[in-house]
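Reader: I would like to see how the labels follow from the values. Please show the structure first.

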Amino acid sequence: MLLPIVQTGHPVLRAEARELSRDEIKSQEIQELIEMMRETMRAAPGVGLAAPQIGESIQLAVIEDEAGEKTKLSKDELEKRGRNPVAFHVIINPKLVPMGDDKVDFFEGCLSVNGFAANTSRYKSVRVSALNESAEEITLNASGWYARILQHEIDHLNGILYIDRMHSTTFTTVENRMRFWD
Ligand code: ZN
């Protein structure tokens, strides 16, 4: 079942999402929610989806990046972004630490700010500790596009959108981005 994606202006996107207990994570309700979020992310299509985006104020996000043909980016463009395939996985109650001060600028969009994009600075490398869908502790070391996805999704769990971090004069419709910015 596909879930409707909440758009900017809805207060759930600005709330601090609550953490999940290990028992909650293992519940049928959360396991089913993860399945529906996976389907919804794939259908959108997107490379990440945080629970507040489907109206649930809980610290959970799903991530998957095929980084392949679907993106319509050339091999060179994928390389410039440090964009490599990332298998489907779930992060719950994540804590993010930047690795170093290096930042990179690229255009970024959001399924909850549909139809727009903007150049946004993100840390080049990050480390995330979290729980997975089996309530096991995981540590993720990420750089390039994957690091950007993690920062974007974890921001959602803290009520932050990319429009809070973007270089605001680059804010554009997706159509005009392709027309004027590529
Ligand atoms: Zn988003």
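Reader: Why is Ala 67 called buried?
Author: Buried means under 20% relative accessible area, with exposed over 50% and partly exposed in between (1.4 Å probe, protein chains only). Ala 67 has 9% relative accessibility, so Ala 67 counts as buried. This is a predicted model, in which local features need pLDDT of at least 70, side-chain atom pairs count only at pLDDT 80 or more, and totals for chains, interfaces and linings use all residues. Residues are numbered from 1 along each chain as its sequence is written, and side-chain values use heavy atoms, with hydrogens and water left out.

Reader: Where is Ala 67 found, and which residues is Ala 67 in contact with, leaving aside neighbours within four places in sequence?
Author: Ala 67 sits in the loop between β2 (60-65) and α3 (75-80); helices (H or I, at least four residues) and strands (E, at least two) are DSSP runs, numbered from the N terminus. With those neighbours set aside, Ala 67 is in contact (heavy atoms within 4.5 Å) with Leu 78, Arg 83, Asn 84 and Pro 85.

Reader: What makes the protein chain as compact as a globular protein of its length?
Author: The chain has 5 helices and 8 strands. Its radius of gyration is 16 Å, close to the 16 Å that the globule rule gives for 182 residues, so the chain is as compact as a globular protein of that length. The radius is taken over C-alpha atoms, and the rule is 2.2 Å times the number of residues to the power 0.38.

Reader: How many of the 182 residues are buried, as a percentage?
Author: Buried residues make up 43% of them.
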